[in-house]
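Subject: Structure for your review

Dear colleague,

Please find below the structure that I am handing over to you. The findings follow after it.

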Amino acid sequence: MHSFFTFIFLFFCLSTHAQFIVEGSIIDAETKEALPFVNITFNHNIQLGTTSDIDGQFKLEHHEIITSAQLSYVGYQNKNIALKISETPFLLEMERTDVALEEIVVIAGENPAYRIIRKAAKNRNVHDPKKVPTYTYDSYNKMRVFDQHNHPRKVAPKDSVDHNSIDFYYTMMEIISKVQYIAPDKIQETIIASKLSGFKDPTFVTAIAEIQPTSFHKDNFLILDKEYLNPISSGCIKKYEYRLEDTLYQEQDTVYMIRFFPRKNKTFDALKGVLYINTNGYAIQNVLAEPAQKQKIHLKIEQQYTLIDHQKWFPSQLNFEVELAPRKVDTFTIQGKRYITNVNLHPHLHPKDFGLNKVTINDDAHNKDSTFWIENRTHQLTVKEAKTYQVLDKIGRQLPLDLLMASINELEDERIQLDWLSVNYTQILEFNLHEQFRLGLGLYSSYKWNPYFSVGGYFAYGFKDKEWKYGGSITFRPAPKKDFGFQISYVNDILEPAAIIQNTHSLSKKVLPSQSFTRRNVLDQMDRTYEFEISGYFRSFRYLRTRILGNWSYKIPLYDYRFVADNEILQKFKFARIGIQFRFAYKEDFVKMGSSNMSLRNRYPVVYLSYTKGLKGIMDGGFDYHKIVGGLESSFFVKGLGRTSWFAQAGWVGGETPYSILFNGRGSYDRWRMFLIKNTFQTMRPNEFLVNSFAYLFIEHNFGSLLFNTPTFKPEVKLYQAIGFGWLDHPEHHEGIAVQDLRKGYFESGIMLANLIRLPMFNFGYFGLGVGAFVRYGSYHLPQNLLDNFAFKIDMTATF
């Protein structure tokens with residue numbers, strides 16, 4: 001009897017605490033694509049429910065037996081399905097509805113979604129992961145490339161056959177990394193393992209890790225080439241319309257599913273999608289978003305947040321899909337998924353633990369074996385993913401794919417790496433008025449051949465002046481992983497006289513801003529220059545890069561010019577000089593790509609400064625002078641108004657020096673070469689002015705498509721303003737050239753309609769042509785002919 005009652009007691013306890021598990025996937029009934037964030041309730045109990053995750057999967061454990069599921073999802077018909085636990089895991093299908101939800105109108109009273117959105121917008125900054133003092137997490141990233149026939153979300157019925165499909169993806173990549181963060185903006189991701197189908201040493205995985213947006217909490221955020229307004233930003237209700245589509249109860253919390261889309265007759269870069277707002281802090285729990293208007297390269301994002309330690313909402317699953325040429329046929333998609341685990345909101349971190357690069361990669365990251373991947377993947381490979389590696393790795397062993405990948409390793413040095421040899425692509429073809437067409441070739445040993453130094457040179461021939469030019473250099477990198485090196489170089493070439501910045505030697509581009517190659521198209525006056533230089537560069541502090549140099553040059557003007565000083569007329573000039581240059585870019589983000597540190601973005605103004613001392617009597621130098629040039633550039637986005645960019649520059653030369661060392665007016669006008677050249681005076685002739693001290697300011701404001709935004713007509717309105725002042729102390733020293741300074745102020749304004757004509761580029765984007773007009777006014781307007789004060793310009797852009 002005692003045993004009987006014991007058995008009854010145990011049976012009762014087990015029945016009370018038994019957990020019934022229901023799990024499965026939800027897909028589109030027609031396309032068979034998995035549906036993320038579907039609202040699911042069970043047994044007609046609104047308090048018993050969950051949502052599917054980014055992969056369309058769901059799982060629920062409950063002490064009551066589950067007999068039915070009720071599904072609801074924006075754009076789909078509600079569905080009630082009977083369940084048998086014995087049939088788990090389930091594959092549930094939903095059918096699309098033909099109802100256009102954007103046309104639904106609330107008849108009376110305030111839209112109930114507005115109250116929820118206002119609270120979510122108010123708490124947006126509170127829930128921003130960037131507001132957490134410190135955190136760390138582990139990340140597993142997966143990227144696949146496919147077409148509409150082998151979409152990974154597409155679950156084909158057992159009895160169906162798609163003759164166009166293949167049983168592997170076009171590309172498969174995985175990254176396992178660790179991320180650490182210190183507020184407000186120190187973040188570093190260390191890649192500890194990476195795989196790319198077909199490649200042994202995929203060098204650009206660091207850049208891929210940067211594609212995925214990791215937060216939906218900024219007022220505006222950049223998607224491809226546009227700044228989109230966040231639907232939970234301040235004032236968003238004036239721009240967006242919202243519809244409360246469903247309500248889900250999860251334990252003590254309520255989750256509101258709200259559809260958003262741009263209001264009619266509102267011109268701004270808008271998103272559309274669905275927000276899931278949890279009443280626990282009115283935080284984003286899930287989000288589906290994409291540009292409201294279809295783009296040639298169309299990005300969709302899906303994000304899921306989880307409450308960590310009952311105190312902070314944090315991303316747990318992130319997904320993006322980039323559709324290339326989205327059409328009914330031949331649509332290729334790049335899909336990336338990030339699964340975040342082991343979130344620690346209170347790690348002990350120190351700023352010294354953070355290196356220069358935002359994304360780094362361990363030396364052995366590409367060499368992890370299969371055992372490591374099986375143990376560390378968040379989700380194991382599907383049959384199709386495993387087949388992708390098998391097929392493409394075999395192809396990679398037969399074709400030189402790694403050689404193709406390595407070609408981007410030296411982009412910072414403007415070189416394409418071809419195994420042990422690198423080609424400088426900027427030295428192949430050029431045009432200017434002095435040479436007209438210039439054909440050349442620059443060959444250098446690559447850092448793959450020897451990571452510690454590179455030796456090489458270039459030669460070029462001008463078809464108008466019929467002269468050969470050449471140069472060479474040896475660059476040393478004692479510590480390849482450090483931002484440090486030095487160079488010995490020589491050039492026998494033609495250079496612009498009185499240039500504000502002269503990037504003759506490649507190391508100067510690591511510190512000083514590169515000059516627009518298109519400005520050389522309008523240059524005629526040149527100096528034949530023979531120049532030898534020894535220089536070195538290093539990073540003084542985290543954001544400060546320094547270059548020191550010693551230089552000797554011999555210049556012969558190829559135009560009528562005479563320098564008169566001390567009762568002597570000179571037409572050839574020798575210079576010996578030393579100098580130091582600085583570039584300060586606060587909070588600049590870098591990513592390691594091959595042998596280069598590639599800059600990702602500059603969130604703060606970039607400052608540069610150059611000082612040069614001319615040495616008379618040393619190494620036959622003929623001039624004693626001081627030369628200082630400084631600059632400041634930045635851009636910022638104003639919500640509802642567009643992006644403003646500005647560039648300020650100033651310089652001074654002290655001492656008696658010839659034309660070559662002074663400053664021209666930075667003009668770019670040419671009647672027949674009408675291309676817009678940024679940060680120059682569009683109406684000023686290239687050699688119209690000469691100064692030994694100056695201050696220039698260039699401002700551009702781009703309204704984007706805020707003023708005009710229709711499916712077929714999307715010109716971008718850009719406004720320009722340029723101001724310049726300059727002084728020349730001793731004009732009597734210069735003969736044979738125009739001698740005029742800018743002491744009264746040079747003023748120029750312009751307007752540009754960019755993307756006035758948009759031409760498809762292989763259905764992947766648009767090549768845009770725009771036209772604009774600039775006018776000079778004030779003391780330096782040209783009185784003889786009114787039209788001489790105008791410059792008509794053509795602008796070329798690439799958009800998606």
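What covers the buried residues of α6? The cover includes the strands β8 (134-147), β9 (171-182) and β10 (186-196), together with the helix α7 (401-406). Please bear in mind that this is a predicted model.

The buried residues of α6 in question are E385, T388, Y389, V391, L392 and G396. An α-helix has 3.6 residues a turn, so residues three or four places apart point the same way. The length of α6 can also be checked: this helix runs over residues 383-398, and its 16 residues, at 1.5 Å a residue, should span 22 Å. The C-alpha atoms at its ends are 23 Å apart, which agrees with that expectation.

Is T657 buried or exposed? Its relative accessibility is 3%, so T657 counts as buried, the cut-off being under 20%. When neighbours within four places in sequence are left aside, T657 is in contact with F563, F623, Y625, L662 and H734.

Two or more lining residues come from each of β28 (527-541), β29 (544-557), β32 (573-585), β35 (606-614) and β36 (625-638). By class, the lining of this largest cavity comprises 10 nonpolar, 10 polar and 8 charged residues.

Yours sincerely

Technical notes:
Residues numbered from 1 in each chain as written. Predicted model: local features only at pLDDT ≥ 70, side-chain atom pairs only at ≥ 80, totals over all residues. Heavy atoms only, no water. Helix = DSSP H or I, 4+ residues; strand = E, 2+ residues; numbered from the N terminus. Expected span 1.5 Å × (residues − 1). Buried < 20%, exposed > 50% of the residue type's maximum accessible area, 1.4 Å probe, protein only. Contact = heavy atoms within 4.5 Å. Nonpolar A, V, L, I, M, F, W, Y, C, P; charged D, E, K, R; others polar.
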